[in-house]
Amino acid sequence: MAHAATLSWIDYAVMAIYFAFVLGIGFLLKRSVKTSTDFFLSGRSMPAWVAGLAFISANLGAQEVIGMGASGAKYGIATSHFYWIGAIPAMVFVGIFMMPFYYGSRARSVPEYLKLRFDEKTRALNAISFAVMTIFSSGVSLYAMGKLLELLLGWSFNFSVLVAGGIVLAYTFLGGLTSAIYNEVLQFFLIVLGFLPLTYLGLRSVGGWHGMVAKLESYSSAHGYPAGAYTHSWTYMNNAAHNPIGVEWLGLAMGLGFVLSFGYWCTDFLVVQRAMAAESMTSARRTPLIAALPKMLFPFLVIVPGMLALVVAPSSGVRNAAPGAPSAVVATAPGAVGAAEASPAPTAPAAQAGGEESVQALSHGIVPPKLNPETGKVERDTHGNVILDYDLATPMMLVHFFPAGLLGLGLTALLASFMSGMAGNVTAFNTVWTYDLYQSYVHPNASDQHYLNMGRFATVFGVLVSIAAAYVAASFNNIMDFLQLVFAFVNAPLFATFALGMFWKRSTGHGAFIGLIAGTLAAAIHHGLTLPAGAVVGIKGGYFGVITTFRSDLGQTFWTAVFAWVTCFVVTIGVSLLTAPRPDGELKGLVYSLTAKPDDGAMAWYQRPATLAVVVLLLTLALNIIFF
Amino acid sequence: MDTSLRLDVRYPIGLFFAILGVLIGTYGFVTLERPGATPTGVPIDIVWGILMLVFGAFMLFLAERARRARIRAHDAAPGSSI
């Protein structure tokens, strides 16, 4: 298959320098790792700004850069809901209200907090599901990277996966969490500086922001939506039929803004681990708040390029979009929202097959139609509409606008996003495995050196399993879809467990355990009884019989999450009231009403985390109003 | 963890972007006349190379300033780690 870009020596040089620095950081930090606390928790010594940028960078993986660009092309500026209500409020909440428990309890992991607050079985359930999910997420991310580089640059899938996996292994093995965090900070700046020119050049090519809005209004009208549906985030959320996301405001606010958002940012050890590595309680509380500041601006970095890909002229860049070049399935990581979806507009008569001319005619801007990887023909939905390959929106922008040199920077930033996500997964996995599974159930009273060695072994094991998972994903796409579905079911109810655990001292271990299982089952039942419009019964839902049809996948996902959360919440309360609570004395430092509030009185008002939180929320509100 | 042994992350970040800035900026200058070197009329390699160099230099400045502050603090209170 033809590929979209050929690299020159300068591009390879940029990549080589990046790899050298990443590995060099690992080697330089090796000497500072002496204990298991150094390896797993970075010695609890990170300044707030370093932990904050690592907090955001660990989440800045494949789904962020590729998936959000894809969603920008697919849904427009409304994709920013994944940031402005789907992340920022939860990040503020975890910083102000939850970090005192995570950090103050001296728990070494999120599952360990569950053990301290509830009991051993609740910890085991969370630790096992998290370890499995984390390592498979890492594998899916690797698969997506290998596939993308194969399509974009013609690189061997095996080469990409093994080299990226090997580099992540080397620097996390040597320097543990400190090395991962340092590299995540480097990766954060690389991703910002690598993608920012994309927005700038793309906007210039379409006549600035107003030019992009005008073109998207035409596109929106042509697709049967109100003119502003792609450029307003809230205006058309009154009805699911009036916006490309296919969700109404209540489902969005409850499903994404509350359950999924708080469930991820407040309970996922992958990100919480970065804050737990902070040097003090105040730094730990500031970590998510500092992360929220750049996070709220990320739509302009990752979503706008996707929107631009839909409307830039194919002849506007340094090289024309290669017709018929990269266009095939690129898997997105768990939680990713970008995916191919039918586009009703382009139905050029020439579009009989996947020939180059027809592919060019069927592209929107520089977003190519999706080609069947086996037949090479353009894929269409059941109504005969062309399916666009939105996952290629951002990569096509890179090869379209960046000349040699900057292309190397952009592709390195893309690689960095995959690697930071993978390193985040691997470091979270090795900690949960060593502390919550191995130390708890296999070898409880070993020396610290033993656990340090086990952590390094778990790092090797985690990377190897990730690579194996990437090959599983390459061979059995449906298995990965299934796993992602299971992950969603397990994650959805988690925030109910944590919220009750931290803010209701009467909640018990039996209540939490049974509530979690009930919530997961409720998610499966809701999913099995509903179906997105146009989907086939199976992995998309409806396997117990279809009683409701949602307008989009996201609508179904959001309401499944709400259903799971409410079930977990109610069942946890019910079972807790029927079982014996723990004495108050055992819950000090673990429950809000029994924990001394952090005293910020000695700090100047502008240094207090609460002040930063207010600033973050006001800025987020302003962005919502500006793009309403 | 003995943080005195640990690298200030601003050093590698500053050095990385300074090197990239010089490399990409110089390459952009040398290849300015080549087709495609100025997408939408902007010599982007040169512009972005300079910007990265400035950013890298700023990070190195911050790291160096912090190192000197630690040395001053150490001199003022002998026995503390740098």
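Select helix H12 (residues 269–276) of chain A and helix H13 (residues 281–295) of chain A; they pack at an angle of about 135°, with their axes 8 Å apart. Helices here are DSSP runs of H or I with at least four residues, numbered from the N terminus. Axes are lines fitted to C-alpha atoms over the stretch in contact, and angles run from 0 to 180 degrees between N-to-C directions. H12(A) and H13(A) are therefore oblique to each other; angles under 35 degrees count as roughly parallel, over 145 as roughly antiparallel, 65 to 115 as roughly perpendicular and the rest as oblique.

The model is predicted: local features need pLDDT of at least 70 and side-chain atom pairs pLDDT 80 or more, while totals for chains, interfaces and linings use all residues. Residues are numbered from 1 along each chain as its sequence is written, and chains are lettered from A and ligands numbered from 1 in the order in which they are written.

H12(A) contributes A:Arg274, A:Ala275 and A:Met276, and H13(A) contributes A:Ala284, A:Thr287 and A:Pro288. Contact means that C-beta atoms, placed from the backbone, lie within 7 Å. By class, this contact has four nonpolar, one polar and one charged residues. Ala, Val, Leu, Ile, Met, Phe, Trp, Tyr, Cys and Pro count as nonpolar, Asp, Glu, Lys and Arg as charged, and the others, Gly among them, as polar.

Next, select helix H8 (residues 120–153) and helix H18 (residues 448–475), both of chain A. Their axes come within 7 Å and cross at roughly 60°. That makes H8(A) oblique to H18(A). Residues in the contact include A:Phe136 and A:Tyr143 of H8(A), and A:Val465 and A:Ile467 of H18(A). The contact has 13 nonpolar, five polar and no charged residues.

Move on to A:Ala309. Which residues is A:Ala309 in contact with, leaving aside its neighbours within four places in sequence? They are A:Ala73, A:Gly365, A:Ile366, A:Val367, A:Ala393, A:Met396 and A:Met397.

Finally, show chain B beside chain A. 25 residues of chain B are in contact with 32 residues of chain A. Helix H1 (10–30) and helix H2 (44–76) of chain B each supply at least two residues of the side that touches chain A. H1(B) gives the most, with nine residues. By class, that side of chain B has 18 nonpolar, four polar and three charged residues.

Key:
Two residues are in contact if their C-beta atoms, placed from the backbone, lie within 7 Å.
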